[in-house]
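Thanks for making time this morning. I would like to walk you through one model, so please have the sequence and the structure open while I talk.

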Amino acid sequence: MRTGLVAGIAAVALLGSGAQALRLARTEKAVPAEETRLHRLASARLIRDQDIAFYERRIARDPTGAIDLVRLGALYLQRYRETGDEADLGSAETAARRSLRNRETRNEAAWQLLQSALMGQHRFVEAKAAAERLLASDPANAVSRAILGEVLLELGGYAEADSLFRPLMPRRFEAAIAPRYARWLELRGHVGDARRLIEAARDDVARGGDADRPEQLAWYELRLGELALRFGGYHEARKRLDRGLELVPDDWRLLAARARLALATGDPADAIRMGDSSLARHLDPATLATVGDAWRARGDSAAAGEYFRAMEAATRAPRGGFHRVWYLALLDHNIRVPEILVAVRRDLETRRDVYGYDLLAWALFKSGRVDEARAAMAPALAWGTEDPLLHRHFAQIEAAR
């Protein structure tokens, strides 16, 4: 595996220790309950794929409808969330646009589908236009207000997002509003309130029984686990992530988060195992970086280098828009710093949120331009966002001065 790494990226699970693709969260062999859960998930996914094929055939026979295209696009979007295959995002976008060509008015579901597909591709300016069209069809609709607010948070339109979210406080526990409202709270410096709201939303879903909606419950556990991990609550993070893996044992995002947790708690062997299991399902550059760091922590610079080269190659031609988490990983490893600095400046032309300025500051810092980096951190911290990453970057920049 020392040569031809770019051509062999799809076989990344064979890198390093050769961790088995089907090895799950805590044991090398799935216990019967996990096997049962995987069987149910496989059955549900087979039905989903059969539904996709059904709607594709029906639309081929009658391409003039609008509703079937929305249903098909929603199935593509569901599959993307489970597999991370960005081709499904493109298919969902195409289905939404075709539906809108057939019927532009009174087709709110298609506008919402289009917004979701564009958000997934990090095309936030276009997603904002779709969300505005959705809200224009019913200006009093609370869910539509939350959807537009979600996009504005990504673009750094915090004042406008505030005006949309504040009136939604009495309805913040509704399933379609709670995650978006929680994200607003988090970015505006109220992480504790955000966590409690996510927990309440998760509990509402759980009260209905998790047998038919494990992926939805697992997403809430992932969100809570990542929040705890970010703030150093490692015991809580493990509890939440392991619960998510009990629900969906092969979720690549949960496995990747567990790899990050293992690395943070000084267990590089587990980080490699979890990371390889995640990569066998979805090739994520940030997870490649995590596993590379784990190999480096074990003193194997050759294996670490393979993962870092794979990460660099996987970010060369990403689908969709600007993936900040990937470029942050590249900066952390001093890879393509000048190129990323240019890309960050371009991204900030339309997306002026706190994480955009933080990324600019970090790229400037990695370029040796410390005073400029310090100036860039000011807008990153201006909105009171509670995120240890921002303050860690600020502390390192200040120390360098």
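I will start with the nonpolar cores, then turn to one isoleucine, and finish with a pair of helices.

Please keep in mind throughout that this is a predicted model. The largest nonpolar core holds 74 residues, and the ones that touch the most other members are L114, L153, F165, L168 and Y181. Helix α6 gives the most to this core, with 8 residues. If we take L168 and leave aside residues up to four places away in sequence, its contacts are A142, R145, A146, I177 and Y181. There is also a second, separate core of 38 residues, which includes A271, W295, A304 and A380.

Now to I147, which sits in helix α6, residues 142-155. Is I147 buried or exposed? Its relative accessible area is 0%, and because anything under 20% counts as buried, I147 is buried. Again setting aside residues up to four places away in sequence, I147 touches Q112, Q115, A131, L134 and R180. The C-alpha atoms of I147 and I177 are separated by 8.1 Å, although these two residues are 30 apart along the chain.

Finally, helix α13, residues 268-279, packs with helix α14, residues 285-297, at an angle of about 155°, and their axes are 9 Å apart. Since an angle over 145 degrees counts as roughly antiparallel, that is how α13 and α14 are related. The crossing of α13 past α14 is left-handed. Among the residues that meet are A271, I272 and L279 in α13, and L288, V291 and W295 in α14. The residues of this contact divide into 9 nonpolar, 3 polar and 1 charged.

Terms used:
Residues are numbered from 1 along each chain as its sequence is written. This is a predicted model: local features need pLDDT of at least 70, side-chain atom pairs count only at pLDDT 80 or more; totals for chains, interfaces and linings use all residues. Side-chain values use heavy atoms; hydrogens and water are left out. Axes are lines fitted to C-alpha atoms, for helices over the stretch in contact, and angles run from 0 to 180 degrees between N-to-C directions. Helices (H or I, at least four residues) and strands (E, at least two) are DSSP runs, numbered from the N terminus. Angles under 35 degrees count as roughly parallel, over 145 as roughly antiparallel, 65 to 115 as roughly perpendicular and the rest as oblique. A crossing is left-handed if the near helix is turned anticlockwise from the far one by less than a right angle, and right-handed if clockwise. Contact means heavy atoms within 4.5 Å. Ala, Val, Leu, Ile, Met, Phe, Trp, Tyr, Cys and Pro count as nonpolar, Asp, Glu, Lys and Arg as charged, and the others, Gly among them, as polar. Buried means under 20% relative accessible area, exposed over 50%, partly exposed in between (1.4 Å probe, protein chains only). A nonpolar core is a set of buried Ala, Val, Leu, Ile, Met, Phe, Trp, Tyr and Cys residues joined through side-chain atoms within 4.5 Å.
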